[in-house]
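Hi,

Here is the structure I said I would pass on. Have a look first, and my notes follow below.

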Amino acid sequence: MEKGYALITGASGGIGRQLAYHFAEDGYSPVLVARSKEKLEELKKELENNYSISVLISTDNE
């Protein structure tokens with residue numbers, strides 16, 4: 001059951017990445033934001049195997 005959304009900045013690594021897993025496991029649909037598009041895509045693939053992912057936002061302009 002989806003509880004709502006969780007906006008997670010810095011989701012591509014460290015604490016942000018762990019928070020993405022934590023909120024997804026707790027039933028929230030994470031909105032993932034980070035500079036690294038490649039790392040976000042990797043995290044998305046990992047999470048999509050078991051959880052609902054809402055949105056990916058990459059702030060990397062390159």
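A term to start with: contact here means heavy atoms within 4.5 Å. With that in hand, among contacts in the chain between residues at least 6 apart in sequence, 48% join residues at least 24 apart.

Some housekeeping. This is a predicted model, where local features need pLDDT of at least 70 and side-chain atom pairs count only at pLDDT 80 or more, while totals for chains, interfaces and linings use all residues. Residues are numbered from 1 along each chain as its sequence is written, and side-chain values use heavy atoms, with hydrogens and water left out.

On to the fold. The chain has two helices and three strands (DSSP runs numbered from the N terminus: H or I of at least four residues for helices, E of at least two for strands). Along the sequence they come in the order β-α-β-α-β. The radius of gyration is 10 Å, close to the 11 Å from the globule rule for 62 residues, so the chain is as compact as a globular protein of that length. That radius is taken over C-alpha atoms, and the rule is 2.2 Å times the number of residues to the power 0.38. The C-alpha trace spans about 35 × 20 × 20 Å along its principal axes.

Now the inside. Buried residues are 32% of the 62 in the chain; buried means under 20% relative accessible area, exposed over 50%, and partly exposed in between, with a 1.4 Å probe and protein chains only. The largest nonpolar core has 10 residues: Ile8, Ala11, Ala20, Ala24, Leu32, Ala34, Leu40, Leu43, Leu47 and Ile53. By nonpolar core I mean a set of buried Ala, Val, Leu, Ile, Met, Phe, Trp, Tyr and Cys residues joined through side-chain atoms within 4.5 Å. Helix H1 (14-25), strand S2 (28-34) and helix H2 (37-48) each supply at least two residues of this core, and H2 gives the most, with three. As for Leu43, if you skip residues up to four places away in sequence, Leu43 touches Ala11, Arg17, Ala20, Tyr21 and Leu32.

Val55 counts as partly exposed, because its relative accessibility is 37%. Leaving aside neighbours within four places in sequence, Val55 is in contact with Pro30, Val31 and Leu32. Val55 and Val31 are 24 residues apart in sequence, yet 4.8 Å apart in space, C-alpha to C-alpha.

Cheers
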